[in-house]
Amino acid sequence: TPGGTFTPPAGVTHVRFKMWGGGGSGSHTSSGKVAGGGGGGGYVYGESVVSPGTAYQVTVGEGGACGRADCKGTQNGNKGGDTLLVIAGKTFKASGGNGGKWDNNGFADPVAVGAATGGSLNLAGINGGRGTSSTYQGPTEGGGSHFGGSTTPRTAGAPPNYPGGASAGSDQGNSVVQYAGGDGLVIFEW
């Protein structure tokens, strides 16, 4: 579902839901060193009693944007958005993963991943790869999401293709484009 509201149809009094926070974008370097990948978004699984016809507020976190308008140049990545659901005054939250980090030495530590709270199962996202000072050693992985209940770390150098997945860190300078993180997602079942 996109952000907005979820309204259970007539006769539905109990729902199960899965939530993913937005993935962080990877960092980018124009120095030939290797930038760090973003952190994956958190994952929440929960169940709740609901009232048919009642609108429940849903916010779906977007993936972290690249750090500059041209998505090139030396920059840190950006945090993914938080995914939130409020039912009967209780808040369920799958936090977005942080953006990848880069520093002058290329040794930025792995970034914080998205946390998760409120559900019966709460899983943090998966860390992206750490940047290195080695020249042209290939990009680092973006942190994976828990899509479908399993971890799915992204291949180095590729944009995320799972909800909540983070984009990889880059290398090789300004010719390489930095990708945004994967958007979050909420799925309701009954």
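Predicted model: local features only at pLDDT ≥ 70, side-chain atom pairs only at ≥ 80, totals over all residues.
Valine 44 has asparagine 122 of strand β8 as its bridge partner. Strand β3, spanning residues 43-49, runs antiparallel to β8 and is joined to β8 by three bridges.

**Sheet**
- Four strands form an open sheet in the order β8-β3-β2-β9, with antiparallel pairing.
- Strands β8 (121-123) and β9 (185-189) are at the edges; each has a single partner strand, so one side of each lacks a neighbour in the sheet.
- From one strand to the next, the twist averages 20°.

**Aromatic pairs**
- The count of aromatic pairs is five.
- Phenylalanine 6 and phenylalanine 188 form a stacked pair, because their ring centres are 3.8 Å apart and their planes lie at 5°, with under 30 degrees as the cut-off for stacking.
- This pair connects distant parts of the chain, 182 residues apart: phenylalanine 6 belongs to strand β1 (residues 4-6) and phenylalanine 188 to strand β9.
- Phenylalanine 6 is buried at 10% relative accessibility, and phenylalanine 188 is buried at 13%.
- Phenylalanine 17 and phenylalanine 92 form an edge-to-face pair, because their ring centres are 4.8 Å apart and their planes lie at 70°.
- This second pair also links distant parts of the chain, 75 residues apart: phenylalanine 17 lies in strand β2 (residues 14-20) and phenylalanine 92 in strand β6 (residues 90-94).
- Phenylalanine 17 is buried at 0% relative accessibility, and phenylalanine 92 is buried at 3%.

**Cluster**
- Ring pairs join Phe6, Phe17, Phe92, Phe188 and Trp190 into a cluster.

Definitions and conventions: Residues numbered from 1 in each chain as written. Heavy atoms only, no water. Pairing = 2+ DSSP bridges. Helix = DSSP H or I, 4+ residues; strand = E, 2+ residues; numbered from the N terminus. Axes fitted to C-alpha atoms, helices over the stretch in contact; angles between N-to-C directions. Phe/Tyr/Trp six-rings, centres within 6.5 Å; stacked < 30°, edge-to-face > 60°. Buried < 20%, exposed > 50% of the residue type's maximum accessible area, 1.4 Å probe, protein only.
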